[in-house]
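Try each task before reading its solution.

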Amino acid sequence: MKDFHMLIGGKAMPAANGGTFEVTAPATGAVLAQVPRAGAGDVDCAVRAAVRGFEAWYRLRPAEREAALLRAASLAEAEGQARFLDTLIDESGSTITKARGEIAYTVDLLRTAAGEARRLYGETFPNDDPHRMSLVIREPLGVVGVVSPYNAPLSLLTKMCAFPLAAGNSLVIKPSEETPLTALAFGRLLLDAGVPPEAVSVVTGFGAECGAELINHPDVRCIALTGSTNTGIAVGQAGLTKMRRMQLELGGKSALLVLKDMDPVKAAKIAAQGIFTHSGQICMANSRIAVEREIYQPFIEALKAEAESLYLGDLREERTVYGPLINARAVEKVLEHVRAAVDGGAKILTGGEIYKGLVVKPTVLLDPPRDSLAWREESFGPVTSVVAVDDLQEAIDVANDSEYGLSAAVLTSNLQWGLHAARRIASGAVHIGTHSFQSNALAPIGGVGLSGMGRSGGHYSTEEFTEVKWISVDVGSLPC
Ligand code: NAD
């Protein structure tokens with residue numbers, strides 16, 4: 001077991017009060033590290049560093065910010081395995097395939113964000129007064145408080161950090177208490193790439209403690225939170241009292257619509273990927289599936305076979321499909337959702353129990369009550385619910401039977417049906433011909449309803465993490 005320090009203003013620091021907490025491996029229960037348990041004083045120290053870091057970073061030429069982010073991408077590409085792979089597997093229970101995927105996406109995100117540093121475009125607009133000229137410029141916000149989740153602790157953190165940095169903001173990162181080691185390694189990567197030491201700090205600790213201190217700190221101008229909807233509501237309410245800019249990427253209950261022209265076996269393979277990747281601990285996981293009645297029976301048979309054939313082995317084995325949930329609370333929540341659905345009349349097609357340790361078997365429920373937790377709330381585990389529908393309209397109604405709206409998917413090769421559904425589903429994204437768990441560094445990722453507000457990715461992030469300012473100029477007696 002190692003002792004880790006926080007990264008504050010480029011320095012490795014313990015918590016001011018000496019507090020620590022343990023980080024454990026979900027797969028084995030082993031204690032991996034002791035990390036500082038930050039309090040108000042540590043957060044204040046990090047934010048004050050970030051205020052100074054903002055001046056240093058924003059005053060760099062855009063090409064210099066671009067170069068630093070490109071260096072970070074190259075470092076992640078060359079040294080990503082050494083810097084992140086074991087930590088991702090041990091700390092977050094990622095399979096080796098998922099961990100490699102996160103590293104590759106991190107490289108892509110850093111490269112994509114680097115280009116945004118030069119694209120803080122403004123505009124001019126016509127003025128009725130011929131002696132005045134109007135300009136609109138885009139400026140960074142200042143210190144951004146980044147509060148991140150545990151499920152994709154590297155790639156999501158990269159997405160949350162790279163774009164605001166490209167726009168010239170400085171950062172104080174508060175990672176999930178489950179996965180601080182990945183965040184510390186990421187902070188170190190940015191500093192090694194030449195981001196000024198005071199522009200990025202990482203404080204480790206708990207949401208209600210240092211997370212709350214960060215979002216309430218008077219010098220934090222913007223909160224970027226990715227997490228559960230309950231946290232988003234609490235953070236959003238606190239942020240609103242101070243009129244903070246907020247980007248909230250929250251939970252999901254994503255629907256997969258399987259239309260009658262699909263091969264049911266192929267559809268089941270796609271559905272299994274859509275729900276069981278990373279044990280269902282994916283915000284866009286397909287936790288609700290609506291299947292047209294014509295292919296319902298062969299589809300559920302194929303999904304059962306698919307779920308029961310998934311290999312749940314050592315996380316470092318290539319063929320392992322998924323591993324443990326993050327902690328015992330997460331397992332209990334999943335089992336509670338399953339129990340309540342069954343009490344309400346759902347049938348378990350497969351799974352519904354622990355495989356071993358924190359690993360829950362791939363679980364498929366049939367016809368849970370529409371007011372059950374399994375249907376309405378995010379289980380954030382390897383559980384999906386399947387219902388049969390009579391036609392496309394009923395499938396769309398099923399997709400919209402949710403307060404969440406992060407990502408949805410339609411399996412069909414009929415583009416008219418697919419586009420019709422995509423236009424009518426209330427969701428931040430709809431994917432046709434695949435499942436709903438999709439990422440792209442340029443895409444506007446974000447949700448509607450309880451799935452949050454704001455979009456991240458490409459230039460959409462630049463808009464979130466900058467403020468527009470109107471400047472008007474008296475151009476003198478000669479009209480322009
Ligand atoms: P969580 O809400 O428990 O925690 C997220 C972060 O918020 C953590 O760093 C936590 O310490 C912090 N936090 C908690 N309470 C806080 C408070 N009062 N003040 C400040 N910070 C606080 O979420 P989690 O369990 O780590 O992650 C899983 C959730 O994240 C799921 O709901 C998932 O859908 C969601 N998620 C959403 C997206 C997306 O893009 N929309 C992506 C990944 C995960």
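**Exercise 1.** Find the residue that stands opposite Thr124.

*Solution.* Thr124 faces Leu135 in S7. Strands here are DSSP runs of E with at least two residues, and helices are runs of H or I with at least four, numbered from the N terminus. Next, look at the strands themselves: S6 and S7 (residues 132-140) run antiparallel and are joined by three bridges. Two strands count as paired if DSSP finds at least two bridges between them.

Before going on, a word on the model: it's predicted, so local features need pLDDT of at least 70 and side-chain atom pairs count only at pLDDT 80 or more, while totals for chains, interfaces and linings use all residues. Residues are numbered from 1 along each chain as its sequence is written, and side-chain values use heavy atoms, leaving out hydrogens and water.

**Exercise 2.** Work out the strand order of the open sheet.

*Solution.* The order is S6-S7-S25, with antiparallel pairing. S6 (123-125) and S25 are the edge strands, each pairing on one side only. As for Val473, its place is in S25 (residues 466-474).

**Exercise 3.** Is helix H5 largely enclosed or open?

*Solution.* Start with burial: under 20% relative accessible area is buried, over 50% exposed, and in between partly exposed (1.4 Å probe, protein chains only). Eleven of the 13 residues of H5 are buried, so the helix is largely enclosed by the rest of the structure. Among them are Pro180, Phe186 and Leu191.
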